Amino acid sequence: MSHQYRVRDPEEIYFVTFTIVDWIDLFTRPSYKELIIDSLKYCQQNKGLEIYAYCLMTNHLHLLVSAQLPARLSDIIRDFKKHTNKQIMKLMETENESRKDWIVYRFQYHAKYNNRIQDYKVWQDGYHGIACDKPDILLQKLDYIHDNPVKSGIVALPEHYLYSSAANYAGEKGLLDVLLLDTGFYVANVKPY
């Protein structure tokens with residue numbers, strides 16, 4: 001992983017992205033999406049993860065996050081990816097997944113070439129952490145996260161996408177509680193769109 005994308009300042013907000021290997025569209029079924037949302041909630045309640053924005057797409061997850069000290073963001077991310085990797089594979093056994101054989105084969109293939117992984121590798125390495133240490137970077141990443149489903153043609157308005165924090169920023173209740181950003185240039189609960 002490049003040094004410019006490492007979490008250096010534990011008190012900073014970071015834009016991070018987790019991607020499924022081979023960009024497989026795994027999060028097309030509700031059970032997989034619910035697993036990710038539940039895992040994020042667990043990290044918020046038990047590991048010190050602070051979420052400012054999120055968007056779960058079909059093959060990747062974007063987050064604006066930080067960690068409550070003394071928790072370390074890199075540790076939370078490592079645990080989240082490890083846990084969800086295992087739970088996704090458990091779900092794969094019980095779900096009626098028409099692409100199951102192909103998906104499992106791809107996950108096994110990627111695990112075979114990684115000494116740290118035993119059987120299946122669901123997530124690509126790394127998380128491309130970008131420090132949002134300036135207001136313009138923070139706002140750009142917030143807009144990018146919320147515009148993802150609009151640009152993908154899934155919804156017409158960001159707040160209509162269920163697996164995103166855009167609803168929270170539009171004054172509605174989202175699937176996850178988030179810490180609304182209010183930095184002087186962006187007023188919480190006012191639509192920036």
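Two strands count as paired here if DSSP finds at least two bridges between them. The views below all come from a predicted model.

**View 1**
Zoom in on strand S1 (residues 14-19) and strand S3 (residues 60-67): they run antiparallel and are joined by six bridges.

**View 2**

**View 3. Where H1 meets H2.**
Two packed helices are described by the angle between their axes and the distance between the axes. For H1 and H2, the axes come within 10 Å and cross at roughly 150 degrees. Angles over 145 degrees count as roughly antiparallel, and H1 and H2 are therefore roughly antiparallel to each other. Their crossing is right-handed. On the H1 side, look for Ser 31, Tyr 32, Leu 35, Ile 36, Ser 39, Leu 40 and Cys 43. They meet a set of H2 residues that includes Ile 76, Phe 80, His 83 and Leu 91. Sorted by class, the residues of this H1 and H2 contact come out as ten nonpolar, five polar and no charged.

**View 4. Where H2 meets H3.**
Next up is helix H2 (residues 73-94) with helix H3 (residues 100-112), packed at an angle of about 155 degrees with axes 11 Å apart. H2 and H3 are therefore roughly antiparallel to each other, and their crossing is left-handed. Which residues of H2 and H3 meet? In H2 they're Ile 88, Met 89, Met 92 and Glu 93, and in H3 they're Lys 100, Ile 103, Val 104 and Phe 107. The contact of H2 with H3 has six nonpolar and two charged residues, with no polar ones.

**View 5. An aromatic pair between S1 and H4.**
The count of aromatic pairs comes to six. In this close-up, the rings of Phe 15 and Tyr 144 have centres 6.0 Å apart and planes at 80 degrees, so the pair is edge-to-face. Phe 15 belongs to strand S1 and Tyr 144 to helix H4, so the pair ties together parts that are 129 residues apart in sequence.

**View 6. Two backbone details in the loops.**
Most residues other than glycine have a negative phi, and most peptide bonds are trans. Where is Asp 22 found? Asp 22 is in the loop between S1 and H1, and its phi is near 55 degrees, a positive value in a residue other than glycine. The other detail is a cis peptide bond joining Leu 69 and Pro 70, with omega about 15 degrees. You'll find Pro 70 in the loop between S3 and H2.

How values were computed:
Residues numbered from 1 in each chain as written. Predicted model: local features only at pLDDT ≥ 70, side-chain atom pairs only at ≥ 80, totals over all residues. Heavy atoms only, no water. Axes fitted to C-alpha atoms, helices over the stretch in contact; angles between N-to-C directions. Helix = DSSP H or I, 4+ residues; strand = E, 2+ residues; numbered from the N terminus. Parallel < 35°, antiparallel > 145°, perpendicular 65-115°, else oblique. Left-handed = near helix turned anticlockwise from the far one by under 90°. Contact = heavy atoms within 4.5 Å. Nonpolar A, V, L, I, M, F, W, Y, C, P; charged D, E, K, R; others polar. Phe/Tyr/Trp six-rings, centres within 6.5 Å; stacked < 30°, edge-to-face > 60°.
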